[in-house]
Amino acid sequence: MTHPPSPYGSPGHPQGHPPPGYGHPPAAPPYPGPPPFTAPNGAPLAGYGRRVGAYIIDRLVIVFGGIAVGAAVVGAFFGLAYLTDPAGYEEGSSPLMVVGMVIGIACWLLFGLVYRVGCHSRSGRTLGKRLCRSRLVVWETCEPPSAGAALGRELILVLFGFTYIGLLIDLLWPLWDDRRQTVHDKVVRTVVVRL
C-alpha cells in the first residue's frame with residue numbers, strides 16, 4: 001500500500017512537517033520609536049471622531065460665549081450712552097454706541113482665541129476636550145504647549161479659515177496622518193492624546 005504524497009512536496013520529511021524555508025516568515029525587527037498611533041510616552045492618540053466631537057463642542061462654546069461677552073460689552077456701552085447722551089442715544093448717533101459696537105465685536109472675535117489658547121496652554125484641555133476625554137500635548141514632552149505655541153497653533157488655524165479649502169484640508173489631515181495631526185498641529189509639533 002502506498003501513502004499519498006506529502007502536501008509539502010518533499011518525500012524525505014515526515015508527514016505534517018514542512019521542509020526548511022517553508023512556514024511563517026521571521027518576525028519583523030522592532031518598530032523604531034513608539035508604536036503607531038501612540039505618543040512617545042505610550043498614550044494613545046485621539047481618533048478622528050473624538051477630535052471632531054471636541055471641535056464641535058468648542059465651536060458652540062466659542063459662538064455662544066463670544067455672543068454673550070460681546071452683547072454684555074455692547075449693552076454696557078449702550079447703557080452708558082443712554083445715561084450720558086440721551087438725545088444721541090434716541091437718535092442712534094451717540095459715539096459711545098459706535099465704540100460699544102466695535103469693542104463688542106472685537107470681544108466676540110477674541111473670546112475664542114483667548115478661550116482656546118488659555119485652556120490649551122494651561123491644561124491642554126478645552127471644554128470639548130474634557131467632554132471627549134482628550135488632551136493637547138507637545139509631541140516631544142507630552143506636556144501642554146506653551147502659551148506662545150498655543151497662540152501660534154490658533155493663528156495658523158485662523159489663517160486656514162480664510163479659505164474654506166485650506167480649512168477643509170487642515171481639518172481632514174488627521175484621517176491619513178500617522179500621528180493623527182492637523183496641519184496646524186504639525187507646525188507647532190502638538191498631538192491630541194486620548195485620556
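Predicted model: local features only at pLDDT ≥ 70, side-chain atom pairs only at ≥ 80, totals over all residues.
Cys 107 is partly exposed, with a relative accessible area of 25%, whereas Cys 132 is buried, at 16%.

Salt bridges were examined next, and the structure holds 7 of them. Side chains of opposite charge can pair when their charged atoms come close. Asp 185 is buried, its relative accessible area being 0%. Arg 51 likewise falls in the buried class, because its relative accessibility of 13% is under the 20% limit for that class. Both residues belong to a network of salt bridges that links Arg 51, Asp 58, Arg 116, Arg 153, Glu 154 and Asp 185.

Asp 58 and Arg 116, two members of this network, also take part in the surroundings of Thr 126. Thr 126 is located in the loop between α3 (95-122) and α4 (127-131), and it is buried, with a relative accessibility of 0%. A polar contact of 2.5 Å connects the side chain of Thr 126 to the side chain of Asp 58. When residues up to four places away in sequence are set aside, Thr 126 touches Asp 58, Tyr 115, Arg 116, Cys 119 and His 120.

A further salt bridge joins Glu 140 to Arg 189, with 3.1 Å between the closest N and O atoms. Glu 140 lies in the loop between β1 (134-138) and α5 (147-161), and Arg 189 in the loop between α7 and β2 (190-194); the pair therefore ties together parts of the chain that are 49 residues apart in sequence. Glu 140 is partly exposed, with a relative accessible area of 46%, and Arg 189 is also partly exposed, at 46%. In the salt bridge between Lys 186 and Asp 177, the N to O distance is 2.8 Å. Here Lys 186 is partly exposed, at 34% relative accessible area, while Asp 177 is buried, at 8%.

Aromatic side chains were considered in turn, and the structure contains 4 aromatic pairs. The ring centres of Phe 78 and Tyr 89 are 6.4 Å apart and their planes stand at 90 degrees, so the pair is edge-to-face. Distant parts of the chain are linked by this pair, since Phe 78 is in helix α1 and Tyr 89 in helix α2 (residues 86-91), 11 residues apart. Phe 78 is partly exposed at 24% relative accessibility, as is Tyr 89 at 29%. Trp 173 and Trp 176 also form an edge-to-face pair, with 5.3 Å from centre to centre and 65 degrees between the planes. Trp 173 is partly exposed, at 27% relative accessibility, but Trp 176 is exposed, at 53%. Through ring pairs, Phe 78, Tyr 82 and Tyr 89 are linked into a cluster.

Arginine side chains were also found over aromatic rings. Arg 179 lies over the face of Trp 139, at 3.8 Å from the ring centre. Arg 180 is placed over the face of Phe 37, at 4.0 Å from the ring centre.

Definitions and conventions. Residues numbered from 1 in each chain as written. Heavy atoms only, no water. Buried < 20%, exposed > 50% of the residue type's maximum accessible area, 1.4 Å probe, protein only. Helix = DSSP H or I, 4+ residues; strand = E, 2+ residues; numbered from the N terminus. Polar contact = N/O pair within 3.5 Å; in protein donor to acceptor, adjacent residues only side chain to side chain. Contact = heavy atoms within 4.5 Å. Salt bridge = Lys/Arg side-chain N within 4 Å of Asp/Glu carboxyl O. Phe/Tyr/Trp six-rings, centres within 6.5 Å; stacked < 30°, edge-to-face > 60°. Lys NZ or Arg CZ within 6 Å of the ring centre and 35° of its normal.
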